[in-house]
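Subject: Structure handover

Hello,

The structure you asked about is below. My notes on it follow; please read them with the model open.

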Amino acid sequence: MAPNKSIDAVKALRQNLQTDALLGAASVPVSMTRVAQRAAERAASPSEPSGRTGTTRRTGDKAERLRRLYEDHVRNCTLCHLATMRTQVVFGQGNPDARIVFVGEAPGFEEDRQGLAFVGRAGHLLTAMIERGMGLKREDVYICNVLKCRPPNNRTPSTDEIAACAPHLFEQLRIIEPQVIIALGAPAAQTLLNTKDSIGRLRGRFHDFYPSGSALVGNPIPLMATYHPAYLLRSPWEKRKAWEDLKRVMERLGLPIPEGYR
Ligand code: URA
């Protein structure tokens with residue numbers, strides 16, 4: 001191999017190992033000590049960008065508005081036939097005053113059982129992306145789905161189901177008003193951006209999401225589309241692209257990117 005090519009190959013391998021270490025391939029023996037240490041320091045320091053101060057009242061208002069949305073409109077929702085098949089609705093959970101909201105597709109088996117979003121295998125990878133990759137705590141962000149009920153056999157949500165359920169998601173996003181939304185996978189990105197473009201085309205750049213539903217009303221929230229963690233479990237070689245997407249979000253929010261992972 002020519003010297004330049006071998007240097008490129010070593011660099012690519014190093015980047016892949018780092019991406020795997022950050023996004024949850026436990027078999028890769030790369031030390032995470034420095035990343036974990038930084039996350040701990042950030043959590044302990046309220047003046048760091050990931051911390052938020054002086055928001056107790058607002059957070060309380062948002063928590064109450066989310067609670068009312070859940071109680072009055074979602075908990076006993078029968079707007080589509082998935083209501084007859086669910087164990088319970090999966091509303092979403094996390095910090096009502098989060099800077100980042102992650103939006104997935106729909107609850108799976110484990111989510112339907114526990115009533116919580118992203119608690120199965122894909123959820124474990126999402127947690128690694130948030131905590132090991134972004135240096136945040138899962139409780140600091142908000143996590144929810146386009147559909148609040150599990151489709152049978154985890155099939156892709158139908159157009160009718162999305163049409164019935166998406167207003168709940170839009171209202172959640174209007175209440176939380178995050179600084180960035182991360183859409184995980186095609187159904188989330190396509191629903192929020194009202195497009196049929198593939199996730200391969202949508203990912204990797206910021207889009208404008210209008211919480212009002214109209215580009216003529218209100219300010220947009222930046223939305224980053226990226227691959228769904230379940231897809232990353234099936235296609236681990238795509239993790240590097242997902243990590244690039246997360247780094248763009250971190251840069252936008254002024255979150256420190258660990259040295260060596262820039
Ligand atoms: N996949 C999703 O899209 N959402 C979940 O909550 C779990 C798996």
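Strand β6 is mostly covered, with five of its six residues buried. Here a residue is buried if 20 or more other C-beta atoms lie within 10 Å of its own, exposed if 12 or fewer, and partly exposed in between, with C-beta atoms placed from the backbone. Helices (H or I, at least four residues) and strands (E, at least two) are DSSP runs, numbered from the N terminus.

Before going on, note that this is a predicted model: local features need pLDDT of at least 70, side-chain atom pairs count only at pLDDT 80 or more, and totals for chains, interfaces and linings use all residues. Residues are numbered from 1 along each chain as its sequence is written.

The sheet

Six strands form an open sheet with mixed pairing, in the order β1-β3-β2-β4-β6-β5. β1 (93-94) and β5 (206-209) each have a single partner strand and stand at the edges, so one side of each is left without a neighbour in the sheet. Two strands pair if DSSP finds at least two bridges between them. β5 pairs with β6 (residues 221-226) in the antiparallel sense, over four bridges, and Phe-206 has Met-224 in β6 as its bridge partner. Helix α10 (residues 239-253) packs on the sheet, where it touches β2 (100-104), β4 (180-184) and β6. β4 and β6 run parallel and are joined by four bridges; Ala-183 stands opposite Ala-225 in β6.

Contacts of Ile-182

Which residues does Ile-182 touch, not counting residues up to four places away in sequence? They are Ile-100, Phe-102, Met-224, Thr-226 and Val-249. Two residues are in contact if their C-beta atoms, placed from the backbone, lie within 7 Å.

Helix α7

Six of the eight residues of α7 (residues 186-193) are buried, so this helix is largely enclosed by the rest of the structure. The buried ones are Ala-186, Pro-187, Ala-188, Ala-189, Thr-191 and Leu-192. They pack against β2, α6 (159-176), β4, α8 (199-202), β5 and β6. After α7 comes Asn-194, with a positive phi near 55°.

The ligand

Of the 13 residues around the ligand, Gly-104, Glu-105, Glu-111, Ala-117 and Phe-118 come nearest. A residue counts as near a molecule or strand if its C-beta atom, placed from the backbone, lies within 6 Å of it.

Regards

Definitions and conventions: Axes are lines fitted to C-alpha atoms, for helices over the stretch in contact, and angles run from 0 to 180 degrees between N-to-C directions.
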